[in-house]
Amino acid sequence: MKLLTMNVLRCTRKDVQEGALRLEATKVEVQESEYDEDFLKHLLPSLDWRLLREAATAVGISSLPESLNLENDPEFLKALHHILFDIHVIEGRLICQESGQIF
């Protein structure tokens with residue numbers, strides 16, 4: 001699962017409000033992909049930045065800034081592309097931050 005996919009997944013239990021999931025990764029691989037700056041810029045407003053930072057930390061990346069600046073430089077965008085599209089979680093689990101449900 002790519003971190004981009006993880007960023008949009010939510011717990012659908014009826015007793016949760018936000019449904020944000022926390023990632024616990026046990027096996028991660030890097031698979032390079034083609035960089036598309038326009039597509040990445042199109043995605044930026046829809047990212048849940050807090051969840052992305054938490055997921056990146058779970059796979060060992062702690063370099064994301066506290067907040068997302070939509071006017072980012074090209075090097076930052078390439079690094080963000082790597083995090084969203086090239087990092088693949090092979091094994092692990094997702095945990096609902098509200099209910100504790102494990103997926």
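Predicted model: local features only at pLDDT ≥ 70, side-chain atom pairs only at ≥ 80, totals over all residues.
Residues are numbered from 1 along each chain as its sequence is written, and side-chain values use heavy atoms, without hydrogens and water.

Helix α3 spans residues 49-58, and its buried residues are Trp49, Leu51, Leu52, Ala55 and Ala56; buried means under 20% relative accessible area, exposed over 50% and partly exposed in between (1.4 Å probe, protein chains only). Helices are DSSP runs of H or I of at least four residues, strands runs of E of at least two, numbered from the N terminus. The buried residues of α3 pack against α1 (3-8), β1 (21-30) and α4 (74-86), where contact means heavy atoms within 4.5 Å.

The contact between α3 and α4 involves Trp49, Leu52 and Ala56 of α3 and Phe76, Leu80, Ile83 and Leu84 of α4.

Salt bridges place a side-chain nitrogen of Lys or Arg within 4 Å of a carboxyl oxygen of Asp or Glu, and the whole structure contains eight. Arg10 pairs with Asp48, with the closest N and O atoms 3.3 Å apart. Because Arg10 lies in the loop between α1 and β1 and Asp48 in the loop between α2 (37-43) and α3, this pair ties together parts 38 residues apart in sequence. Glu24 forms salt bridges with Arg22 (2.7 Å, N to O) and with Arg93, at 2.8 Å between the closest N and O atoms. The latter pair links strand β2 (residues 87-96), which holds Arg93, to strand β1, which holds Glu24, across 69 residues.
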